Amino acid sequence: MKRKKLWQSGLLLAAGVVGLASLNVTSVSAASKSVLNWSELSELQTLDTAASLDTTSSEALRNSYEGLYRLGNNGSVHKGLVKTAKLSKDGLTYTFTLRKNAHWSNGDKVTAKDFVYGWRRAVNPETKAANSQLYDGIKNASEIVKGQKDPKQLGIKAVGNYTLKVTLDRKIPYFKSLVAAPVFYPLDQKAVAKYGKEYGTAANKAVYNGPYTVSGWTGSNQKWTLVKNKHYWDKQHVKLAKVNFQVAKSTSTSYNMFQANQLDETNLSTEQARQMKTTKEFVARKQARLNYLQFNIKNKELANANIRKAVSYAIDRKQLVKRVLGDGTVAAHSFVPKELMVTNGKDFADYAAGKVGTSYNKKQAQAYLKKGLQELGLKQLSLDLLGDDDDTSKKINEFIQSQLEDNLGSKEVTVNVTNINKKSRIARMQSGDFGIVQTGWGADYQDATSFLGLFSADSVYNFGKWDNPSYDKLLAQAKTQSGSKRLATLKQANDTLLADQAVVPLCQPALATLLKDKVTGVAYNTIGQYNFKEAQVK
């Protein structure tokens with residue numbers, strides 16, 4: 001791919017009319033007061049709570065399923081299927097009384113046994129659940145995930161139909177926000193048995209217990225609908241009949257659909273955000289998310305720490321957020337985003353922030369490159385950079401390509417960029433078929449370990465196979481600590497990660513959008529994205 005200058009690839013608001021036709025959208029009129037029309041930047045991947053790896057799938061699951069708790073605005077956590085909750089004096093046993101009026105979309109009752117089944121399925125190694133590591137801290141979970149104990153030994157027990165006991169190995173201060181994640185949702189065993197390995201691969205191959213059911217998703221198409229669930233226990237507070245979703249990877253396309261009243265919401269590009277930020281429909285949202293580069297350590301060149309450091313120090317993050325993004329996105333100075341973990345008024349991201357592994361220094365980058373090439377016995381370096389095919393991802397990759405070739409020297413370094421759809425990109429990461437990949441992560445719960453845990457040796461998200469026993473030891477120590485001692489250990493882990501440049505933090509993205517002013521009640525949580533339970537169209 002020939003390198004293009006960043007400023008030659010700007011989006012124009014007037015463009016995109018052709019894109020409208022190419023989507024072949026048969027839209028429900030946005031004028032309907034019971035229908036909301038929403039845009040997504042990427043495809044839905046799965047409706048299996050144990051298989052979700054991406055933001056779009058998580059958002060669909062959080063609106064069509066419900067667990068013990070659900071997320072609301074601004075990091076708030078609310079009761080879901082929990083009626084009452086008691087915690088033992090030692091902080092290791094929760095006793096939950098569940099609502100008796102909850103049902104699955106097939107009419108079955110939701111009981112404590114559904115939680116037991118769902119949780120045991122998630123930790124069972126045969127399931128290969130994407131987020132099974134989140135169970136760490138629940139009694140016997142780690143050993144079960146490793147195949148050392150039977151899933152029946154997990155610290156969860158149904159006491160009758162509507163009482164659930166959860167036993168922990170250690171105190172988990174963020175427990176309520178943790179179990180609001182999809183991998184902790186209950187499952188109807190009868191439905192999972194019916195569909196087998198195909199459970200969640202299409203809208204009609206799953207059952208739901210949340211505010212909405214999912215309709216119209218075949219497993220690969222770019223449109224689907226949330227339909228009000230008539231069996232939902234709190235359906236009186238669900239005002240919408242439908243939420244229609246349309247994937248629009250080009251924000252110029254979705255903007256034109258918004259203007260034509262075919263969408264009630266659209267994401268914005270940098271140029272669009274700059275032009276629209278003073279309008280009454282402009283909404284900028286914070287995200288508990290980081291965009292970063294991950295290296296494949298199985299690659300001989302990238303296994304060299306000096307080469308990894310050369311890549312990191314050659315990238316001017318301030319220019320990235322100012323010139324490429326410019327929508328409220330901020331440069332990353334640690335591998336934990338701001339406002340995720342705040343302890344006694346202290347933001348961990350600020351506490352852990354530093355220049356090592358997160359700053360721009362052209363001379364230092366060139367020095368690292370020279371040393372790395374000498375160690376490898378090379379004079380030139382060819383790097384493969386993978387990313388998604390939406391507008392923003394392509395622009396970030398283009399910027400990175402330009403930075404590396406300009407600041408490290410185009411004679412010494414060549415960057416080959418490949419942008420593909422998210423599903424294919426994730427598959428390539430899982431199979432180790434990448435060199436450097438631009439990816440991102442959104443927090444599952446309100447703690448620094450939601451990010452730092454990604455690079456432990458046994459993490460399923462450690463796609464590049466970076467392995468550092470000292471790092472793993474620090475994470476293990478933090479599990480048994482609290483207060484300032486735990487903070488110091490987690491900071492040391494963050495420092496270790498960046499000193500070896502296992503990852504290149506880029507930025508903490510903001511979400512610039514337009515939202516029709518007639519839309520109210522859409523809850524937004526920096527962790528769980530959008531919650532449409534109480535959304536309305538006036």
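This is a predicted model: local features need pLDDT of at least 70, side-chain atom pairs count only at pLDDT 80 or more; totals for chains, interfaces and linings use all residues.
Biologist: Is Asn 63 buried or exposed?

Modeller: Asn 63 lies in helix H2, residues 55–64. Helices (H or I, at least four residues) and strands (E, at least two) are DSSP runs numbered from the N terminus. Buried means under 20% relative accessible area, exposed over 50%, and partly exposed in between, with a 1.4 Å probe and protein chains only. The relative accessibility of Asn 63 is 1%, so Asn 63 counts as buried.

Biologist: Which backbone oxygen does the side chain of Asn 63 reach?

Modeller: Contact means heavy atoms within 4.5 Å. Not counting residues up to four places away in sequence, Asn 63 touches several residues, among them Gly 210, Tyr 212, Leu 226 and Phe 532. At 2.8 Å, the side chain of Asn 63 reaches the backbone oxygen of Glu 59.

Biologist: What is the relative accessible area of Ile 138?

Modeller: Ile 138 sits in the loop between helix H3 (112–123) and helix H4 (141–145). Apart from residues up to four places away in sequence, its contacts include Trp 119, Leu 154, Val 166, Ile 172 and Phe 184. Ile 138 is buried, because its relative accessible area is 0%.

Biologist: Which strands stand at the edges of the four-stranded open sheet?

Modeller: The strand order is S1-S10-S9-S8, with mixed pairing. Two strands pair if DSSP finds at least two bridges between them. Each edge strand has a single partner strand, so one side of each is left without a neighbour in the sheet; these are strand S1 (35–40) and strand S8 (212–215).

Biologist: In S10, which residue is the bridge partner of Thr 225?

Modeller: Strand S9 (residues 223–228) pairs with strand S10 (residues 242–247) in the antiparallel sense, over five bridges. In S10, the bridge partner of Thr 225 is Asn 244.

Biologist: Which side chain makes a polar contact with that of Lys 249?

Modeller: Lys 249 is placed in the loop between S10 and helix H7 (251–259). With a relative accessible area of 17%, Lys 249 is buried. A polar contact is a pair of N or O atoms within 3.5 Å; within protein, one must be able to donate a hydrogen and the other to accept it, and residues adjacent in sequence count only if both atoms are side-chain atoms. The partner side chain, at 3.1 Å, is that of Asp 389.

Biologist: What are the edge strands of the six-stranded open sheet?

Modeller: This sheet has the order S14-S20-S13-S19-S17-S18, with mixed pairing. The edge strands each pair on one side only, and they are strand S14 (330–331) and strand S18 (413–420).

Biologist: What angle does the direction of helix H13 make with that of S18?

Modeller: Strand S17 (residues 381–388) and S18 pair in the parallel sense over eight bridges. Helix H13 (residues 391–408) packs on the sheet, touching strands including S17, S18 and strand S19 (436–442). Axes are lines fitted to C-alpha atoms, for helices over the stretch in contact, and angles run from 0 to 180 degrees between N-to-C directions. The direction of H13 makes an angle with that of S18 of about 175°.

Biologist: How many residues of S19 are buried?

Modeller: S13 and S19 pair in the antiparallel sense over seven bridges. S17 and S19 pair in the parallel sense over two bridges. S19 is mostly covered, and of its seven residues the number buried is six.

Biologist: How are H10 and H13 oriented to each other?

Modeller: The axes of helix H10 (residues 317–325) and H13 come within 11 Å and cross at roughly 135°. Residues of H10 including Leu 320 and Val 324 meet residues of H13 including Ile 396 and Phe 399. Angles under 35 degrees count as roughly parallel, over 145 as roughly antiparallel, 65 to 115 as roughly perpendicular and the rest as oblique. H10 and H13 are therefore oblique.

Key
Residues are numbered from 1 along each chain as its sequence is written. Side-chain values use heavy atoms; hydrogens and water are left out.
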